Amino acid sequence: MAKVKYYYDPETLSYKPVEYPRTLRISNFFIFLISSFLFGLFILFGLLTTDFLNTPEELLLKRELKNYEFQFDLVSKRLGEIENVISNIEERDNELYRNYFEASPVSDEQRKAGFGGVNRYKNLEGYGNSEQIIETTKRLDVLSRRIVIQSKSLDEIRLLAEKKEELLASIPSIQPIRNEDLKRMASGYGWRIDPFTKTRKRHYGMDFSASRGTPIYAPGNGVVKRADSRSSGYGRHIRIDHGFGYVTVYAHLNKYNVKRGQKIKRGDIIGYVGSTGRSVAPHLHYEIIKDGKKINPLNFYIGNLTSDEYNAILIQASQENLSLD
């Protein structure tokens, strides 16, 4: 039973019971109901969001779920680190390795292309965190593709490096007669006076004046394609195919030191100076052919001449004098 409240009435000089209006009583009643309802919801929410009502199995599952979420975050971070590493390798591959070996760079579109066709990730849909799982799986797929492409690129670089080494060894880069054996650089590449007709004629090689029997050295690795005298004017001569479009010719030899089909290396003695064929004195007529075109051999003497020796030959070769063949 509710307590009755009283108030003092000064007119009657007595205490009278407090009477509340009906509307106020109804209002207070509803306030009480609403407050009770909200308080109940608060208690229920607290129970649902805590482990108070969970069974041991549910508690174990929740702990496992939190552990999986933690592990997933670690995997995602680790994946980001690996992506950064492969990006660095790709950048060096394009900017350094492929650039050095004059190979076309691999574009980002090729490296990071996704996978078209059917939905590869349909079986990952329908879970609470499907979006996160699918996104991570896509990242793994793209990363796998990038690794495969980078591996193929490095294989290509390795082959290019091997070819580069082979190219450097094959280019005819040394003078075929040593300076100490050389009397003079008799005639260079270009317009010269023909010793037989005494007319101006194009000279497609260099004439090295040396004593008969002076050794002639291979300027680069290659294979002997000819060692015979069946070429008009050249007398006994040798042709070496160095690969990569390079062929060298050695004319007016006294004798050979190689035979057709023989593999030779830079510095090997291939023959000896003579004056066979269309020649007026013992010398070596030397030619370099690149992709079928005869070019100036002077541009290739980088392996066995000092700068002073090269400059001296350059001056001699530039003179439009009488050639020896």
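Predicted model: local features only at pLDDT ≥ 70, side-chain atom pairs only at ≥ 80, totals over all residues.
Local features are reported where pLDDT is at least 70 and side-chain atom pairs only at pLDDT 80 or more, while totals for chains, interfaces and linings use all residues. Residues are numbered from 1 along each chain as its sequence is written, and side-chain values use heavy atoms, with hydrogens and water left out.

Strands β9 and β10 run antiparallel and are joined by 5 bridges, two strands being taken as paired if DSSP finds at least two bridges between them. Within this pairing, Ile240 stands opposite Thr248 of β10. The two strands form a hairpin with 2 residues between them, and Phe244 in the turn has a positive phi of about 60°. Strand β10 is also joined to β14 by 6 bridges, again in an antiparallel arrangement, and here Tyr246 has Lys290 of β14 as its bridge partner. Strands of a sheet pair through backbone hydrogen bonds, either parallel or antiparallel.

How much of β10 is buried? Of its 6 residues, 5 are buried, so the strand is largely enclosed by the rest of the structure; buried here means under 20% relative accessible area, exposed means over 50%, and partly exposed lies in between, with a 1.4 Å probe and protein chains only. Tyr250 illustrates these surroundings: leaving out residues up to four places away in sequence, Tyr250 touches a set of residues that includes Pro176, Ile216, Arg236, Ile238, Ile240, Ile270, Leu284 and Tyr286, a contact being heavy atoms within 4.5 Å.

Tyr250 also belongs to the largest nonpolar core, which has 28 residues; such a core is a set of buried Ala, Val, Leu, Ile, Met, Phe, Trp, Tyr and Cys residues joined through side-chain atoms within 4.5 Å. Together with Tyr250, the residues with the most contacts inside this core are Met206, Phe208, Ile238, Ile240, Ile270 and Leu284. In soluble globular proteins, nonpolar side chains tend to be buried together.

Strand β13 also takes part in an open sheet of 3 strands, whose order is β7-β13-β11 and whose pairing is antiparallel. Because β7 (215-217) and β11 (253-256) stand at the edges with a single partner strand each, one side of each is left without a neighbour in the sheet. From one strand to the next the twist averages 35°, where axes are lines fitted to C-alpha atoms (for helices over the stretch in contact) and angles run from 0 to 180 degrees between N-to-C directions. Strand β11 is joined to β13 (residues 269-273) by 3 bridges, and Tyr256 has Gly271 of β13 as its bridge partner.

Ser187, in strand β3 (residues 184-187), is buried, with a relative accessible area of 0%. Beyond its neighbours within four places in sequence, Ser187 is in contact with residues including His203, Met206, Asp207, Asn321 and Leu322. The Ser187 side chain also makes a polar contact with the side chain of Arg192 at 3.5 Å, a polar contact being a pair of N or O atoms within 3.5 Å; within protein, one atom must be able to donate a hydrogen and the other to accept it, and residues adjacent in sequence count only if both atoms are side-chain atoms.

Turning to charged pairs, the count comes to 12 salt bridges, each a side-chain nitrogen of Lys or Arg within 4 Å of a carboxyl oxygen of Asp or Glu. One of them joins Glu162 and Arg158 at 3.2 Å, N to O; both residues lie in helix α4 (residues 130-170), 4 residues apart, about one turn of the helix. Glu162 is partly exposed at 42% relative accessibility, and Arg158 is partly exposed at 44%. Asp228 and Arg226 form another salt bridge, with their closest N and O atoms 3.0 Å apart; Asp228 is buried at 9%, whereas Arg226 is partly exposed at 23%. Lys290 forms a salt bridge with Asp291 at 2.8 Å, N to O, and Asp291 is exposed, with a relative accessible area of 60%. Finally, Asp194, Lys201 and Arg278 are linked in a network of salt bridges.
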